[in-house]
Amino acid sequence: DAMVIQNPRYQVTQFGKPVTLSCSQTLNHNVMYWYQQKSSQAPKLLFHYYDKDFNNEADTPDNFQSRRPNTSFCFLDIRSPGLGDAAMYLCATSHQNQVLAKNIQYFGAGTRLSVL
Amino acid sequence: AQSVTQLDSHVSVSEGTPVLLRCNYSSSYSPSLFWYVQHPNKGLQLLLKYTSAATLVKGINGFEAEFKKSETSFHLTKPSAHMSDAAEYFCVVSESTGFQKLVFGTGTRLLVSP
């Protein structure tokens, strides 16, 4: 019954080798988010899509990109992973509307990325 | 700008004793407040949320939190801890105007001993 699905759960890549993490949702939510969570830290928002509109956080490195080909899927691309990019990457969704902005974000189980 | 302070990085309790995880917030507008729980190597699960209705909010697994505007607090409590409650807990604030961006506290690790 998972509603926000992240694949794979664990990903190992090599230093500098591009990697893509995927997220899919069955909730038909219009907003999808990517967070980075390093060990023993709080999640940090990288960017989000509001429908097709991409919104980057000011401090997100250029090395991180995202694609949202349709409502259900969103991808996180790391163009040249460094050792400092090893982290848990969390995808979340919410439904944003103009009437009720107090929306819950639903999180996936995360993908733990290791960089060798 | 909104912010959240979780006053304890670690809390240790014995099974069957009460749990108190403390959270203070700062917000310019009427905030939405959340508690999320994260078990090891898992995603975040919503425990409960406050969105300007009742100030005492009941969540899943016996947790509840009370919104106190005068104290700018949103502490999480549970009458009796269970071993399965051992996890990381995040207090989260979101502005209720405009786009809802979440601001996370630094987390409190709850340890439950037999």
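Reply: **Salt bridges and their surroundings**

Glu88(B) counts as buried, at 11% relative accessibility (buried is under 20% relative accessible area, exposed over 50%, and partly exposed in between, with a 1.4 Å probe and protein chains only). Please bear in mind that this is a predicted model, where local features need pLDDT of at least 70 and side-chain atom pairs count only at pLDDT 80 or more, while totals for chains, interfaces and linings use all residues. Residues are numbered from 1 along each chain as its sequence is written, chains are lettered from A and ligands numbered from 1 in the order in which they are written, and side-chain values use heavy atoms, leaving out hydrogens and water.

The partner of Glu88(B) is Arg109(B): their side chains meet in a salt bridge, 3.1 Å from N to O (a side-chain nitrogen of Lys or Arg within 4 Å of a carboxyl oxygen of Asp or Glu). Because Arg109(B) sits in strand β12 (residues 108-113) of chain B and Glu88(B) in strand β10 (residues 87-95) of chain B, the pair ties together parts 21 residues apart in sequence. Strands (E, at least two residues) and helices (H or I, at least four) are DSSP runs, numbered from the N terminus. Arg109(B) is partly exposed, with a relative accessible area of 33%, whereas Glu88(B) is buried.

Chain B also has a salt bridge between Asp85(B) and Lys78(B), with their closest N and O atoms 2.8 Å apart. Both Asp85(B) and Lys78(B) are buried.

Over in chain A, Asp77(A) and Arg67(A) join their side chains in a salt bridge of 2.7 Å, N to O. This pair links distant parts of the chain, 10 residues apart, with Asp77(A) in strand β8 (residues 73-78) and Arg67(A) in strand β7 (residues 64-67) of chain A. Asp77(A) is buried at 13% relative accessible area, while Arg67(A) is partly exposed at 40%. Over all chains, a search of the whole structure finds 6 salt bridges.

Let's stay with chain A for a moment. His29(A) lies in the loop between β3 (19-25) and β4 (31-37) and is buried, with a relative accessible area of 10%. Apart from neighbours within four places in sequence, His29(A) is in contact (heavy atoms within 4.5 Å) with Arg68(A), Thr71(A), Thr93(A), Ser94(A), His95(A) and Tyr106(A).

Back in chain B, strand β4 (residues 23-26) has Cys23(B) and Tyr25(B) on a covered face and Asn24(B) and Ser26(B) on an uncovered one. Strand β1 (residues 3-6) of chain B runs antiparallel to β4(B), and 4 bridges join the two (strands pair if DSSP finds at least two bridges between them). Asn24(B), on the uncovered face, is the bridge partner of Thr5(B).

Finally, the two chains meet in a contact that takes 22 residues from chain B and 25 residues from chain A. Together they bury about 1900 Å², 57% of it on carbon and sulfur atoms (buried area is the accessible area, with a 1.4 Å probe, that two parts lose on being put together, summed over both). Across this interface the rule finds 0 salt bridges. On the side of chain B that touches chain A, the elements giving two or more residues are β5 (31-38), β6 (44-50) and β11 (102-104) of chain B. The largest share of that side, 4 residues, comes from β5(B).
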